[in-house]
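Colleague: I've got a structure open and could use a hand reading it. Can you walk me through a few features?
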Amino acid sequence: MRNYRVSLRQGSQQVKVKWFLILICDILMTGYTLGWTYHYSNTTMDWATARQWCNTTYTDLVAIQNQNEISYLNKTLPRKKDYYWIGIRKINGTWTWIGTNEKIAEKDGHWAEKEPNNKLHEDCVEIYIKRDEDEGKWNDENCGKQKHPLCFKAHCNATTCSNAGECTETINNYTCKCAPGFKGPHCQDAVQCERPVIPQYGWMDCNGPHGNHSYMSTCKFHCAEGFSLQGQPERNCNASGEWTGSTPVCKGVDCKGPSEPKDGYVNCSGSSTTSSLACEFSCSKGFLLLGPKKVTCNPAGLWTGKSPFCASFMYVAAAFAGTTILSTSCFLFFCLMHCRKRKKTVQKRLPEEDRPQPDEEPEDVSNCMEEENWEEV
Ligand code: CA
């Protein structure tokens, strides 16, 4: 198997389109075969040239890692008397897979009997395909020998798993191991978070590279005017599909007071957090409440009315009586003045002989008022 580790993706939509196109191309090129495929040349060449040929046309010389792979090659490849070069080379005295730099033990079970023997400066490796003895085994050979290149073509690349996972490839197959926060056969889908709760008296705005409520999305919370945010102002959608932190609260501004009225009581209940803070007033026995009976705290932190006060019934009665007397007196005075004015106006319009003489008794004011039609006034 061969692994290709890739970085996290940037922009899921573009990757999805890319992946789809790549899939179509692969199907067309490989005859509906996905995964690792093998190729060889009928021309023989030295090891270095063989590798270059593989690099140019395919991916590299084969890197065999299990017995199933060897069995597959031995079964499907034709027998060549010169056999095939594979992707193992002695580097600094150690047998190494050239594609992965992975070290190979001298006692690896894939070697043919009594190999590697380094008989003629043998720093490269061939594989015996369909050989009568040591079928499918490895032999160290001089790198200048002429053999057939045995190449592989990898299907996995940076976009196979949508840039969001590790592509693991086997013969004609591959799988994607998705990075945290991604899912799907090709890691093409970001993990979703449920839409977070919006705080009462507030709102939120969310966005992210894979959607508003997906892995790596951020939601920012705000409160209406008059409310202050308590809690974390941001929540992030994590790889497990959960939001970090908890829902913040929009707390209303507290109203100050109100003070208890003299000779009375105040009873407050509710909370400014839910905009239900209210105070009710009452007075002691013998006192009358003057002003609003109830006030509430609005979002701006102000009471809906001024605090009332408590007045004794005697005080109220005296005030009422005084007000009544004063009003009645003013009314009578106004009537008298109005009556006199009308009298003088009438006398001026009478003939000289009908006007009252100075020594005559002045007419009773009450008569004046009786003559008036007060309903019309
Ligand atoms: Ca040998």
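Modeller: C54 and C151 make one, with 1.9 Å between their sulfur atoms. A word on the source: this is a predicted model, where local features need pLDDT of at least 70, side-chain atom pairs count only at pLDDT 80 or more, and totals for chains, interfaces and linings use all residues. Residues are numbered from 1 along each chain as its sequence is written, and side-chain values use heavy atoms, with hydrogens and water left out.

Colleague: Which parts of the chain does the pair C54 and C151 link?

Modeller: Distant ones: C54 sits in helix α2 (residues 47-57) and C151 in strand β8, 97 residues apart. Helices (H or I, at least four residues) and strands (E, at least two) are DSSP runs, numbered from the N terminus. The link of C54 and C151 is left-handed, with -75° about the S-S bond.

Colleague: Is C54 buried or exposed?

Modeller: Buried means under 20% relative accessible area, exposed over 50%, partly exposed in between (1.4 Å probe, protein chains only). C54 comes out at 0%, so buried, and C151 is also buried at 0%.

Colleague: How many disulfides does the structure hold?

Modeller: It holds 10. Another one joins C193 to C237, sulfur atoms 2.0 Å apart. This disulfide is right-handed, because the torsion about the S-S bond of C193 and C237 is about 90°.

Colleague: What about the metal: which protein atoms are donors of the calcium ion?

Modeller: Donors are N, O and S atoms within 2.8 Å of the metal (3.2 Å for Na, K and Ca); water is not among the atoms, so sites may look incomplete. Here they are E115 (OE), N117 (OD1), E122 (OE), N139 (OD1), D140 (O) and D140 (OD), at 2.3 to 2.6 Å from the ion. E115 lies in the loop between β5 and β6 and N139 in strand β7 (residues 138-141), so this pair ties together parts 24 residues apart in sequence. Both E115 and N139 are buried.

Colleague: And the nonpolar core: which residues touch the most other members of the largest one?

Modeller: A nonpolar core is a set of buried Ala, Val, Leu, Ile, Met, Phe, Trp, Tyr and Cys residues joined through side-chain atoms within 4.5 Å. In the largest, with 22 residues, they are I64, I86, I88, I127, W138 and L150. Strand β4 gives the largest share of this core, 3 residues. A second, separate core has 12 residues, including F182 and Y215.

Terms used
A disulfide is a pair of cysteine sulfur atoms within 2.5 Å.
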